[in-house]
Amino acid sequence: MAKPLDGIKVLDLSKVLAGPLCAQYLGDLGAEVIKVEAVGQGDETRGWPPFPAPGLGTVFLSANRNKRSIAINLKSEKGRRLVQELAKSADVAIESFGTGVAERLGIDAASLCALNDRLVHCSISGFGRTGPLRNSPGYDVILQAFSGIMSMTGDEGGGYIRSPISPIDQMTGVHAFSGILAGLLARERSGKGTAIQVSLFDTALGLLGYNLQTFWERGTQPAKCGSSHESLCPYQAFEAADGPIMIGVANDNLWRKFCGVAGLGEVMDDPRFRTNADRVRHRDETLCHVQAVIAANTVAHWNAVLNEVGIPCSPINTLAQLLDHPHTRADQLIMQYDHLSAGRLNCVGHPVTFVGEERDPGLPPPMLGEHTDDVLMEMGLSAASIAELRREEIVG
C-alpha cells in the first residue's frame with residue numbers, strides 16, 4: 001500500500017537524536033532515507049550502551065529505522081562531491097553540524113540548494129545560527145539548564161533534575177519534521193524548495209509558553225512543583241495505602257465528584273476549597289484533606305473508584321508495568337522486527353495512525369556503511385571505482 005511520502009528521497013546528514021528522529025519519521029511515512037555517516041565511527045549514538053550488537057547502541061536503534069547507511073569521509077574533497085551528487089536528486093536534506101561546519105563541508109543550504117533548487121534543506125542546531133551563543137554546543141540537558149526548565153523541575157529544596165526522556169531533543173525533531181512537511185507542501189505550489197532552521201533553544205522557549213506567560217504576570221520565579229501544577233489543586237501524586245497514585249482534579253466539577261466518592265462532603269463547599277483558585281490559595285490545607293482519605297485505601301481501589309466517575313488518575317507505573325498493560329498491547333505502537341546482527345528487537349513506531357492502515361516497522365536500523373556499495377552503484381559508480389574509493393578511505 002502506498003505511503004504518503006513514497007517517492008520522496010531524504011539525505012540524513014544528522015546525528016544523535018533530533019535529526020535522526022525527524023528522518024525516521026519521514027521514513028515511516030514512506031520516504032527513502034539515506035543516512036550519511038562518518039567512516040569508522042558513524043553516528044556517535046552507535047557507541048552509547050547498552051548494545052544488543054556491536055555498533056548498535058539502543059539510542060541509535062530508537063531513531064534510525066527505515067534508513068540505509070552510507071559511510072563517507074566528508075573531510076575529503078571526493079567525499080564532499082559524493083554527498084553533493086546525492087543532494088542533486090534528493091528532495092530533503094537534514095544536517096545538525098556546529099555553526100559554520102556545514103559551510104566548510106559544502107552541505108549547507110546555500111551550497112546544496114544551488115545544486116538543486118527543489119531541495120528542502122533543514123538545519124538543526126543547539127542555539128540557532130545567529131546570536132552570541134550560535135557557536136555553543138547544544139545538548140538536551142544543556143538546554144534544560146539554560147532555558148530555566150531545570151530550575152522548575154523536581155521538589156522544592158531538592159537537587160537539580162534532568163528529564164530523562166530528552167524532551168527538547170525529541171521535540172526539536174518533531175518541529176523539524178513538521179517544517180519539512182510544510183516545505184514539501186509549499187514546493188508543490190511554487191516548484192521551489194526552501195531552507196528551514198530549527199534549534200534546541202527555540203524548542204525550549206516554545207515548550208515554556210504558559211510558564212513564561214505566568215512569569216510575566218507574576219514577575220517571580222515559580223516554585224518547584226514536583227508532581228503538582230502551580231495553577232491546579234489537587235493535581236499531583238498522593239500516597240495510597242500500598243503505593244503512589246496520580247490524581248488530576250482539573251476543574252471544580254471534578255472536585256465535587258472527587259469529594260463525593262472520597263467522603264469529603266463537609267469540605268466540598270467550604271469557602272477555602274469551593275473553587276480551584278480557592279484551593280490553590282489554600283493548597284496545604286487542601287492537600288492535607290485529600291492525602292488523609294487517599295492513604296486509607298489502596299491504589300487499585302482509588303484507580304477503580306475515580307475512573308468510574310471520570311476523574312483523571314493513574315498508578316505511577318514502571319516501564320515494565322506500562323508495557324504489560326492491556327491498553328499498551330491493544331494500541332500496537334510497540335512493534336517487533338528482525339535484525340541480522342541483533343536478532344529480534346522491539347521498537348516504538350511512529351505515533352501517528354492512518355485509519356485503516358496497519359503500522360509497519362519497516363527497515364531495521366542499518367549497520368555502519370551497510371548500504372555504501374548499493375547507494376554508490378545507484379549513483380552510477382562502477383565496482384572498480386567504489387573499490388578505489390575504499391582504498392583511499394573516502395567511503396567505508
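**Helix packing and ring pairs in a predicted model**

The buried residues of α14 pack against β7 (235–240), β8 (243–248), α11 (252–262), α13 (276–281) and α15 (299–308), where buried means under 20% relative accessible area, exposed over 50% and partly exposed in between, with a 1.4 Å probe and protein chains only. Helices here are DSSP runs of H or I with at least four residues, strands are runs of E with at least two, and both are numbered from the N terminus; contact means heavy atoms within 4.5 Å.

Before I go on, please keep in mind that this is a predicted model, in which local features need pLDDT of at least 70 and side-chain atom pairs count only at pLDDT 80 or more, while totals for chains, interfaces and linings use all residues. Residues are numbered from 1 along each chain as its sequence is written, and side-chain values use heavy atoms, with hydrogens and water left out.

Which residues of α14 are buried? They are Arg283, Thr286, Leu287, Val290, Val293 and Ile294. Seen down the axis of α14, these buried residues fall within an arc of 135°, so they line one face of the helix; the arc is that of the directions from the helix axis to the C-beta atoms. On the other side of α14, Asp284, Cys288 and Ala292 are exposed.

Let me turn to the rings. The structure holds 5 aromatic pairs, and rings of Phe, Tyr and Trp (its six-membered ring) pair if their centres lie within 6.5 Å, with planes under 30 degrees apart counted as stacked, over 60 as edge-to-face and the rest as tilted. Tyrosine 25 and phenylalanine 177 form an edge-to-face pair, at 5.5 Å centre to centre and with 65° between the planes. Because tyrosine 25 lies in helix α1 (residues 18–28) and phenylalanine 177 in helix α8 (residues 167–190), the pair ties together parts that are 152 residues apart in sequence. Tyrosine 25 is buried, with a relative accessible area of 12%, and phenylalanine 177 also counts as buried, at 10% relative accessibility.

Finally, I come to a neighbour of α8. Residues Ile168, Asp169, Met171, Thr172 and His175 in α8 meet Leu200, Thr203, Ala204 and Leu207 in α9. Leucine 200, whose place is in helix α9, counts as buried at 3% relative accessibility. Leucine 200 and tyrosine 139 are 61 residues apart in sequence, and 7.8 Å apart in space, C-alpha to C-alpha.
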